[in-house]
Amino acid sequence: MRAMGNPPEVWIRALPLYAELQRGETAHAQDHLAHGVPDLRVSTWSARYDDLLKRDLPLDEHEIRRIQEFAPRFNELRDELAAHNVPDTIQHDDLHMANVYQHGEQLRLLDWGDSSISHPFASLVVTFRFLDEINKLPPDDPWFARLRDAYLEPWGSGHMRACALAVRIGAFAHIFGWLRQRDFLPDDARQAFDQGFAIVLRRAIAQTLDHPGRDSVV
């Protein structure tokens, strides 16, 4: 999809197919965990946030303070998200234009190396990031709502609030996935890694501000 310019018109076809795959894998989540797929279930997020607060992060003091001050609110939102009882399942966590391929009318999703068992709706964090950064879609662009609705359709009705929460605090779950990779890097590789990591961190920090419509779409 990168060669095509990351068109939303293709994502509106791809996202429901991906959602169907996720729904089918809910029955196998425990088996995936038993065979080593990383555990980023919603029930682990509060402990992982506490761990995040102890890290030496590539941020300035003001940004670190924002993460610290958001901790109680993060836990409130996490509890609200958990109360929606959407089952944890496979979450690609790298769902962007470089990993979706089209051959004729067939779409194929590759590169599952960042995937985990987590909240399914958090998948949209990465997809929406690149529609923002590459396509320059503003936050209120109708495409975001259209793509959200197309993705949610296979899950049935009543998931709008859960999706908004998952996209908001799922930005921090995405950080947890990056930390898993960072922990295994030698010191001389971290500087280059942290250039991209800082972008992910700052996009999550942007989610800490409460304002009207905060959890409506993105």
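Q: What should I know about the numbering and the model before reading any feature?
A: Residues are numbered from 1 along each chain as its sequence is written, and side-chain values use heavy atoms, with hydrogens and water left out. Because the model is predicted, local features need pLDDT of at least 70 and side-chain atom pairs count only at pLDDT 80 or more, while totals for chains, interfaces and linings use all residues.

Q: Is Ser 118 buried or exposed, and where does Ser 118 lie?
A: Buried means under 20% relative accessible area, exposed over 50%, and partly exposed in between, with a 1.4 Å probe and protein chains only. Ser 118 has 2% relative accessibility and therefore counts as buried; its place is in strand E4, residues 116-118, where helices (H or I, at least four residues) and strands (E, at least two) are DSSP runs numbered from the N terminus.

Q: Which residues is Ser 118 in contact with?
A: Contact means heavy atoms within 4.5 Å. Leaving aside neighbours within four places in sequence, Ser 118 is in contact with Leu 40, Arg 41, Trp 45, Asp 88, Thr 89 and Gln 91, and its side chain reaches the backbone oxygen of Leu 40 at 2.7 Å.

Q: How do helix H3 and helix H4 pack?
A: Two packed helices are described by the angle between their axes and the distance between the axes. Axes are lines fitted to C-alpha atoms, for helices over the stretch in contact, and angles run from 0 to 180 degrees between N-to-C directions. Helix H3 (residues 45-53) and helix H4 (residues 61-83) pack at about 170°, with axes 10 Å apart, and H3 and H4 are therefore roughly antiparallel (under 35 degrees is roughly parallel, over 145 roughly antiparallel, 65 to 115 roughly perpendicular, the rest oblique). Among the residues making the contact are Trp 45 and Tyr 49 of H3 and Phe 70 and Phe 74 of H4.

Q: How many aromatic pairs are there, and what do those of Trp 178 look like?
A: Rings of Phe, Tyr and Trp (its six-membered ring) pair if their centres lie within 6.5 Å; planes under 30 degrees apart count as stacked, over 60 as edge-to-face and the rest as tilted. The structure holds 13 aromatic pairs. Trp 178 and Phe 193 have ring centres 5.1 Å apart and planes at 55°, so this pair is tilted. Trp 178 and Phe 197 form a stacked pair, 5.9 Å centre to centre with 10° between the planes, and both residues are buried.

How values were computed. Polar contact = N/O pair within 3.5 Å; in protein donor to acceptor, adjacent residues only side chain to side chain.
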